[in-house]
Amino acid sequence: MSITAALAEIPALLARLAAEAIELPVTTQPTEETIEMNGDYVLHRPIALTCPDCGGAVERNQLGTLSQYCCHIGHVFTGASMVAAQFEQMEKGVEAALRLMNERVEVCRQMAERPDVPNEASKAAWLAAMEEAEQRADAMSELVSAGWLSPEE
């Protein structure tokens with residue numbers, strides 16, 4: 001869409017365009033990025049470990065029978081404390097993802113129920129996106145509530 005306007009007309013044009021209802025298509029078609037991640041994606045063994053506190057690179061040192069993990073700014077972990085700190089960070093990440101997924105459910109619901117929804121097809125697309133987000137939120141909720149193995153040294 002191309003619009004030409006004189007400088008003096010731009011404020012009124014912007015106000016008019018901002019007031020217009022714009023319906024963006026909801027697509028369930030996979031993008032190139034989702035195809036790459038959902039296709040034959042294989043989770044490989046990490047090349048390096050990262051510090052759960054700062055995200056910096058971690059080096060493993062062996063002190064007799066004790067394995068020690070140190071990052072480049074000075075955070076130090078035993079194997080057990082490293083696993084515990086990683087778990088805490090993982091839980092925070094999964095809980096944040098679950099919160100965002102739940103919010104997506106609500107945004108899709110609100111978009112489907114708004115009074116100016118253009119047509120039934122648009123409403124159905126928003127409801128389908130809402131249902132998909134609900135299903136994924138349920139799966140994530142199961143992950144959060146599942147027990148985890150905690151090996152002892």
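The chain has four helices and four strands, where helices (H or I, at least four residues) and strands (E, at least two) are DSSP runs numbered from the N terminus. Along the sequence the pattern is α-α-β-β-β-β-α-α. Because the model is predicted, local features need pLDDT of at least 70 and side-chain atom pairs count only at pLDDT 80 or more, while totals for chains, interfaces and linings use all residues. Residues are numbered from 1 along each chain as its sequence is written, and side-chain values use heavy atoms, with hydrogens and water left out.

**Chain overview**

- Of the 153 residues of the chain, 18% count as buried; buried means under 20% relative accessible area, exposed over 50%, and partly exposed in between (1.4 Å probe, protein chains only).
- Taking contacts between residues at least 6 apart in sequence, 43% join residues at least 24 apart; a contact means heavy atoms within 4.5 Å.

**The sheet**

- Four strands make an open sheet in the order β1-β2-β3-β4, with antiparallel pairing; two strands pair if DSSP finds at least two bridges between them.
- β1 and β4 are the edge strands, each pairing on one side only.
- β1 (49–50) and β2 pair over two bridges, and L49 stands opposite V58 in β2.
- The hairpin of β1 and β2 has six residues between the strands, and G55 in the turn has a positive phi of about 85°.
- β2 (57–63) and β3 (66–71) are joined by six bridges and run antiparallel.
- Across that pair, E59 stands opposite C70 in β3, and N61 stands opposite Q68 in β3.
- Two residues lie between β2 and β3 in their hairpin, where G64 takes a positive phi near 65°.
- Three bridges join β3 to β4, again in the antiparallel sense.
- The hairpin of β3 and β4 has four residues between the strands, with G74 in the turn at a positive phi of about 115°.
- In a regular strand the side chains alternate between the two faces of the sheet.

**Helices α3 and α4**

- α3 (79–113) has 35 residues, which at 1.5 Å a residue should span 51 Å; its end C-alpha atoms are 51 Å apart, so the two values agree.
- The expected span of a helix is 1.5 Å times one less than its number of residues.
- The buried residues of α3 are G79, M82, A85, V94, M101, V105, C108 and A112.
- These buried residues pack against β1, β2, β3, β4 and α4.
- α4 (120–145) has 26 residues and reaches 37 Å from its first C-alpha to its last, close to the expected 38 Å.
- In α4, S122, W126, A129, M130, A133, A137 and M140 are buried, and what covers them includes α3.
- An α-helix has 3.6 residues a turn, so residues three or four places apart point the same way.

**Cavity and pocket**

- Rolling a probe the size of a water molecule over the atoms shows where empty space is left.
- On a 1 Å grid over the protein atoms alone, a cavity is a set of points where a 1.4 Å probe fits but cannot get out, and a pocket is an open set with protein on both sides within 12 Å along at least five of seven lines; lining residues have an atom within 4 Å of a point.
- Grid points are joined across faces, edges and corners, and a volume is the space filled by probe spheres set on the points.
- A search of the whole structure finds one cavity of 30 Å³ or more, and the largest cavity holds about 70 Å³ of space.
- M90, E91, V94, L143, V144 and W148 line the largest cavity.
- α3 and α4 each supply at least two residues of this lining, and α3 gives the most, with three residues.
- By class, the cavity lining has five nonpolar residues, no polar and one charged; Ala, Val, Leu, Ile, Met, Phe, Trp, Tyr, Cys and Pro count as nonpolar, Asp, Glu, Lys and Arg as charged, and the others, Gly among them, as polar.
- The second largest pocket holds about 220 Å³ of space.
- V83, Q86, F87, M90, W148, L149, S150 and P151 line the second largest pocket, and they divide into six nonpolar, two polar and no charged residues.
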